[in-house]
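I opened my notebook to work through one protein chain.

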Amino acid sequence: MKPGWVLAENVVQDRIGNAAFGTFAALLNFTLVLASVSDLGITQHTTKRVAAEPGFLPEYFPTVLPLRGALSVVFLVVMVAGGWLMGYRGHTLTLLALIGAGLLLTQYAQFLRGAVQAHQHFRTDAWLSVLEKALMLGLVLALLPVGITLDRYVGMRTAAAAFTFVLLYGLVTRLFGRVAWRPRRAQAGELLRGSLPFALITLLYGMNERIDMLMIERLASPQEAGYYAGAYRWVDAVMMYLWTVLPLFFAKFAHSLHSREEQRELLWFGQRVATVPLLFVAAFVLFHGELLFFQFKHSTPAELARMTLCAQLLFLNVLVHAFFAIYSTLLTSTSHERPVSWLVALSIALNIGLNVVLLPRYGAVAGALNTLVCAVVVSGGYVWLVRQRAGVAVPWGLLARLGLTFGGLCAAWYGLQTYAQLPWLAESVVAGLLFVGLLFGTGVVRVGELRAALKSKG
């Protein structure tokens with residue numbers, strides 16, 4: 001579903017224009033930051049309690065449901081007021097309200113899905129997780145013959161969110177019975193006290209990822225925000241690999257909390273799992289980043305070049321995460337959440353400062369470069385904390401071999417591009433074969449390990 005949605009959004013941006021999509025992206029990211037904490041961490045807290053305490057659902061849901069709904073209304077008002085303070089007026093403010101309403105409905109639906117997950121209805125939850133995106137994808141395709149405008153696109157997204165919410169609410173009622181709304185002050189206070197730590201962490205990570213688009217639109221121009229959005233969309237899709245793999249290691253790190261040796265082995269193994277595939281992806285974008293924008297038929301060569309440069313800088317940021325995101329996973333799974341939160345807060349402050357200085361002059365390119373600088377700074381902090389606080393040995397030799405592999409791949413790709421002059425697909429295949437050879441040549445992957453893995457499967 002994710003690749004399909006990336007391609008669909010490329011078409012939308014191409015049809016409505018970079019400036020209009022830049023405005024939409026800024027509004028969306030502003031609402032995403034607030035929507036991520038609109039329930040003050042109640043979703044995570046409730047899912048955890050329902051899974052651990054079977055009696056929690058019937059006792060607390062009469063309080064949780066109206067509390068969650070009231071917080072959504074409050075945050076919608078906060079979104080609109082915040083947009084007005086930032087200078088949005090008239091029709092743009094209306095679009096902000098519609099985008100915010102759709103996101104809050106989506107957040108409420110995710111909250112309801114927590115109850116489905118906690119009661120082990122995983123197949124149902126899997127279908128629900130793709131329903132809204134599938135519906136939006138279908139509506140985008142339906143709009144193509146009649147024409148896509150910014151207003152139609154926003155309306156379509158809000159309608160899809162509303163339909164999904166109504167369907168899910170009906171399903172939860174069918175599965176667990178109708179829940180009467182009888183809020184109790186004592187229960188509400190208990191829920192909020194338990195959920196606020198989740199809200200703080202979510203806010204920090206949400207701001208760290210989403211603030212650039214908004215600042216580019218406000219400090220540079222909607223056009224520049226559109227360039228950044230076109231590049232970041234691919235980054236967001238590729239990063240799904242890490243966000244799928246790292247939670248598996250989160251659980252394993254937590255399980256080995258009292259064994260430094262086991263944590264070290266997991267870190268050294270996870271380092272390769274997280275890093276190796278993204279080495280090739282990052283190199284491909286560095287040498288053929290323009291191919292990501294093959295659907296942009298209405299953009300000028302200068303606009304495409306600017307989006308390509310943004311993508312190349314942002315994929316260097318992906319490369320940094322590929323090397324060091326697993327260190328953050330180790331820290332947060334072993335009760336070092338506070339120093340990690342301070343590092344993320346430092347990254348946000350640095351990013352905002354750099355944006356204020358550089359965005360007015362350099363626009364989207366500065367936003368991408370600032371993101372890379374902040375990723376390098378915070379990753380250095382993760383490595384230091386793993387060594388000094390967690391007491392786990394950092395695999396410097398493996399990091400060096402991975403860096404050597406990436407450098408060798410880039411050198412080989414440069415040689416192919418300069419001297420062989422093959423079509424891009426053939427060139428990429430040859431580079432991929434050379435990459436495999438480099439992995440064995442540098443010792444990142446060993447023949448003995450493959451033999452052992454094949455024997456275990458046999």
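**Entry 1**

I looked up Glu224 and found a relative accessible area of 15%, so I wrote it down as buried. I note here that the model is predicted. The cut-off I need is simple: buried means under 20% relative accessible area.

Which side chain meets Glu224 in a salt bridge? I found Arg306, with 3.0 Å from N to O. This pair links distant parts of the chain. Arg306 lies in helix α12 (residues 301–333), and Glu224 lies in helix α9 (residues 222–238). They are 82 residues apart. Is Arg306 buried or partly exposed? Its relative accessible area is 26%, so I marked Arg306 as partly exposed.

**Entry 1: more salt bridges**

I then asked how many salt bridges there are by the rule used here. The count comes to five.

One of them joins the side chains of Glu9 and Arg157, at 3.6 Å from N to O. Glu9 sits in helix α1 (residues 2–16) and Arg157 in helix α7 (residues 150–176), so this pair ties together parts that are 148 residues apart in sequence. I checked burial too: both Glu9 and Arg157 are buried.

Next I looked at Glu261 and Arg264, whose side chains meet in a salt bridge at 2.7 Å, N to O. Both lie in helix α11 (residues 260–288), three residues apart, so about one helical turn separates them. Glu261 has a relative accessible area of 43%, so I listed it as partly exposed. Arg264 is at 23%, so it counts as partly exposed as well. Salt bridges that share partners join Glu9, Arg157 and Arg233 into one network.

**Entry 2: Thr23**

I moved to helix α2 (residues 18–35), where Thr23 lies. Thr23 is buried, because its relative accessible area is 15%. What does Thr23 contact, leaving aside neighbours within four places in sequence? I found Thr92, Glu217 and Pro222.

**Entry 3: a nonpolar patch**

Leu346, Leu369, Val373 and Val377 make a nonpolar patch of about 300 Å². Which helix gives the most to the patch? Helix α14 (residues 364–388) does, with three residues. Val373 lies in helix α14. I read 34% relative accessibility for Val373, so it counts as partly exposed.

I looked up the phi of Gln421. The value is near 50°, which is positive, and the residue is not glycine. Why write that down? Most residues other than glycine have a negative phi. Where is Gln421? I found Gln421 in the loop between α15 (396–420) and α16 (424–441). Gln421 has 64% relative accessibility, so it counts as exposed.

**Entry 4: the whole chain**

Last, I stepped back. The secondary structure comes to 17 helices and zero strands. The chain has 458 residues, and buried ones make up 50% of them. The chain exposes about 21,100 Å², with carbon and sulfur atoms supplying 68% of that area.

Among contacts with a separation of 6 or more, 82% come from residues 24 or more positions apart. For an example of linked distant parts, I went back to my first entry: Arg306 and Glu224 are 82 residues apart.

Technical notes: Residues are numbered from 1 along each chain as its sequence is written. This is a predicted model: local features need pLDDT of at least 70, side-chain atom pairs count only at pLDDT 80 or more; totals for chains, interfaces and linings use all residues. Side-chain values use heavy atoms; hydrogens and water are left out. Patches are made of residues with over 30% relative accessible area and no salt bridge: like charges are joined within 9 Å, nonpolar side chains (Val, Leu, Ile, Met, Phe, Trp, Tyr) within 5 Å. Accessible areas come from the Shrake-Rupley method with a 1.4 Å probe; for residues, only the protein chains shown count as cover. A salt bridge is a side-chain nitrogen of Lys or Arg within 4 Å of a carboxyl oxygen of Asp or Glu. Helices (H or I, at least four residues) and strands (E, at least two) are DSSP runs, numbered from the N terminus. Buried means under 20% relative accessible area, exposed over 50%, partly exposed in between (1.4 Å probe, protein chains only). Contact means heavy atoms within 4.5 Å.
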